[in-house]
Structures are given as structure tokens and as C-alpha cells.
Amino acid sequence: MADYLDRIGAGKILIDKDPFSFDWTPPEIVGRDNELNEMATIFHGIDGLNRSCKSVIIGPVGSGKTVLANTFSTKLREKLEGIRDIALAHINCRNYSSTMQVLQRIATTLDPRHPERGFSSGEIIQTIRRNLITHGKHLLLILDEIDVLVRNESAELIYRLLRIDEGREEKGTISLIMVSQEENLMSRFESAIISRLGLSNVLKLEPYNEEQLVNIARQRAELACRKGSISEEVLAKVGRYSAAIGDARLSIELLEAAIRRAEVDGRDEVLTEDIEPSEFRVTSIEPSQVDILSKHQRLVLLGICRRLKKKDLVSSGDAKKLYILVCEEYGVKAKGHTTFWKHLKTLEIEGLIDTKTANSVNGRGRTQHITITNASPGELENRIEKALLRE
Ligand SMILES: Nc1ncnc2c1ncn2[C@@H]1O[C@H](COP(=O)(O)OP(=O)(O)OP(=O)(O)O)[C@@H](O)[C@H]1O
Ligand SMILES: [Mg+2]
């Protein structure tokens, strides 16, 4: 077989691909203990037979809403074994975006023989309720990406589900977890829904910070890769690159892509160079951002880009030396230290570079480490060189 085909799935690094597949659920959720505790508080009393709970999880892309909702409900079901029989249904409203589709989906989850058509939405709701009561089950329903349904139609279905037991003898038929990226989701609801949901039942997830993203990547690395194949430096770089958005999916994708690069190269270890900013996912730098820079700001950035093509970080001291070299190349006199620092700050504010303060190794106080996380340094270098030529 051709050499290059031998490399596919060579497994020099990866021993289990599953942790990188998109629908894989991690055994533990990393770094969301407070949020899981909050969910437990919201679901306080769910072991009581007549009790229903409801919650709304809101957070930006990749903040772990779906994984949190799924893991929490699965663990809750396990915990309640022998106390209350929980049926789980996770419905993504992007795939089932009308009231009828959602109801149909719930009905067939509970009873695969439920007929495809012929019933009104009211009838299906009653069928669902009867089915649950007959089997002594409580439904824990996750409506993921609920904003899609609300935008497509209205919040009517939510209202009806929240009132499913009103005026009835048996209570506690359905608990609801609604999930959305939309920060202002609650403002789409009328007061009758808000009061039934309860504002204190809204859990807001923040984007992940760098440390959490490193830990999320580490969990996948430990479960999927050979010991020693992924260093802490590699994980740190993954964290840095994904922290610009705070998206766990991005950190996992960056690691996976780096593993692929290393394996195709025939290596049994991932190097920091294997991690590259994703072309599609990263908020790339607009050409206008370079155009508005002054000449010396461009020269400072150019020096930094050239070093970052080869290395992961550049210290502020080195950035200054590189700036002086670039100035010589372009035949201009380098500005003094204070101006150089001012330019660094501007570049940071403009989102072109990221800086981090670290204790200097040579003991001379604190030094700044500079990285570029939302663009490829090579591309940025080209763009600056072109802009300098046009001057
Ligand atoms: N705390 C975490 N620990 C481990 N893995 C996580 C964690 N948070 C997210 N992930 C993983 O990151 C990926 C994205 O998470 P998830 O799908 O839950 O995000 P989301 O907030 O639902 O995103 P979207 O808004 O796009 O639906 C999944 O593969 C998930 O398993
Ligand atoms: Mg999701």
C-alpha cells in the first residue's frame, strides 16, 4: 500500500478516536462545578412524585450548554433510579423546528409506535401525558436551541407544556430544560410564561476562560491519546488560541487537527507548531484593521509577525529588537522605548496581538509575552508588507 495511506489511522498518537467525534459525551464535565450545583438547586425536590422543575440554560456558542443539559439529566436519572422513573428526551429545535415536529418527536420517543399523523397538537399533548401517567414516568424534556422554534412560530408550545397539568389531578408530568444561545431569550416570552418559568431558574454560562479550555483539551488528550504524546505546552497553546472566543469546540478541534498533522508527519508527539489558528473558525483580522495603523505601528507588528511564524511567543524585549531591525530594513529611524510601548498597547487594543505578563526569567522584573491568536502571522505579515509598499 502507498506510504501515505499507511499513515491514515497509524495511531502513533491517537489510540481512541471517539473523544473527538462530535456527538461523544465526556464522562465528566470539566470546570462547570458551580453551574452543575446551580442546576441541582433548580431541580431541588424533583424526587417528589408530583413535582416538576424547569430551567433555562443560556450561553454563547461552545460554552457547553448541550453537554451540561445532557450530562445533568442523565446523572439525575441515574440518581433517581428506584425513586422516580425518568424518561429523557433531548430535542434540538434546529432539527425539529415546528410545534408539531417537536410534539411528534416527544411522542415517538416515548412510544415508537405512535402514529406519524392524524392528530392535532392538543391531542398529541394529551397522548404524551396519558402515556407518562400510565407508565408511571416523569418526562425530563430538553428543548435545545429553543430560540429557533420560538422565532419560527411562537412560544405557544412552551406555554402549553408548562400548563400541561393545570386543572388535573395528577401533577408533575414534565420537567423542562430549555437551551439557547440567545442572551435575550426571556424577553421573547410574555409574562405568563416568565412567571411560570421563574427568573431564578435561568442559568447563564460564561464563555470558557483559557484555563478551562486547557483543561477541556487535556481531558480529551488523556482519554484519546498515548501517554506523553501531548505536552503541557501544546495544551497551553490550544487554550490560548481558543480563549479569544471561549468556545470548547474550538479547543477540541484545534487539538484534533494538530494530532492529525503530527500523525501524517509520522511523529508520535504533537509539537506546538502543529497547532494553527483555524481558517474558518477564528475571527479573522479585517484588512481595514491594518490600513488604519500608523507606519510605526505596522513596523512593530511586522517584526512580531515574522518571529511568530516560527515561534509561539515573543517577549516584549525581542519584539523591540525585531522592530529596530525592521526599521533598518525600511530605512526609517526607530522610535524610542515609550513610543514602542504605546504602539504595543494600541495593537493590543485593536485586537491584533495578545499580551500576557510573566515574571522575567532573568529576574529583571516583569516582561510581556506577545502572541497572535486570531490570525495567521504569515498572512498578516504579507498584508503589512503590501500596506508598507503602498505608502
Ligand atoms: N465543560 C466541558 N467539559 C468537557 N467537554 C466540554 C465542556 N464544555 C463543552 N465541551 C465539549 O465541547 C463541545 C461543545 O460543547 P456543547 O455542544 O455543549 O456547546 P454548546 O454551548 O451547546 O454550543 P452551541 O451553542 O453551538 O450549541 C462538545 O464536544 C462538548 O462535549
Ligand atoms: Mg448546543
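## Loop between H2 and S1

His-44 is found in the loop that joins helix H2 (33-42) to strand S1, where helices (H or I, at least four residues) and strands (E, at least two) are DSSP runs numbered from the N terminus. The model is a predicted one, in which local features need pLDDT of at least 70 and side-chain atom pairs count only at pLDDT 80 or more, whereas totals for chains, interfaces and linings use all residues. Residues are numbered from 1 along each chain as its sequence is written, while chains are lettered from A and ligands numbered from 1 in the order in which they are written.

His-44 counts as exposed because it has 10 C-beta neighbours inside 10 Å; a residue is called buried if 20 or more other C-beta atoms, placed from the backbone, lie within 10 Å of its own, exposed if 12 or fewer, and partly exposed in between. Between His-44 and Ser-294 there are 58 Å in space, C-alpha to C-alpha, and 250 residues in sequence. Asn-50 also has its place in the loop between H2 and S1, and with 11 other C-beta atoms within 10 Å Asn-50 is exposed. Leaving aside residues up to four places away in sequence, Asn-50 touches Lys-171 and Gly-172, contact being defined by C-beta atoms, placed from the backbone, that lie within 7 Å. Thr-357, by contrast, is 307 residues from Asn-50 in sequence and 55 Å from Asn-50 in space, C-alpha to C-alpha.

Strand S4 (residues 174-180) is largely enclosed by the rest of the structure, because seven of its seven residues are buried. In a regular strand the side chains alternate between the two faces of the sheet. Both faces of S4 are covered, with Ile-174, Leu-176, Met-178 and Ser-180 buried on one side and Ser-175, Ile-177 and Val-179 buried on the other.

Strand S2 (residues 85-92) in turn pairs with S3 in the parallel sense over eight bridges, and Leu-140 in S3 is the bridge partner of Leu-88. Seven of the eight residues of S3 are buried, so S3 too is largely enclosed by the rest of the structure.

Glu-145 lies in the loop between S3 and helix H6 (146-152), and with 21 C-beta neighbours inside 10 Å Glu-145 counts as buried. Most residues other than glycine have a negative phi. Glu-145, although not a glycine, has a positive phi of about 50 degrees.

## Helix H11

Helix H11 has 17 residues and reaches 25 Å from its first C-alpha to its last, close to the 24 Å expected at 1.5 Å a residue, the expected span being 1.5 Å times one less than the number of residues. H11 is largely enclosed by the rest of the structure, because 12 of its 17 residues are buried; among them are Leu-250, Ile-252, Leu-254, Ile-259 and Glu-263. The buried residues of H11 pack against H9 and helix H10 (232-243). Just after H11, Gly-266 takes a positive phi of about 80 degrees.

## Domains and the ligand shell

The domain assignment, which comes from an automatic or database source, gives domain 1 (33-204), domain 2 (208-274) and domain 3 (287-390). The centres of domain 1 and domain 2, taken over C-alpha atoms, are separated by 35 Å. Their contact takes five residues from domain 1 and six residues from domain 2, and the residues on the domain 1 side divide into two nonpolar, three polar and no charged. Here Ala, Val, Leu, Ile, Met, Phe, Trp, Tyr, Cys and Pro count as nonpolar, Asp, Glu, Lys and Arg as charged, and the others, Gly among them, as polar.

Ligand 1 is surrounded by 19 residues, of which the closest are Gly-64, Lys-65, Thr-66, Val-67 and Ala-248; a residue is near a molecule if its C-beta atom, placed from the backbone, lies within 6 Å of it. The shell around ligand 1 draws at least three residues from each of domain 1 and domain 2, and helix H3 (65-79), helix H9 (210-224) and helix H11 (248-264) each supply at least two of its residues. By class, this shell has eight nonpolar, eight polar and three charged residues.

How values were computed. Contact = placed C-beta atoms within 7 Å. Pairing = 2+ DSSP bridges.
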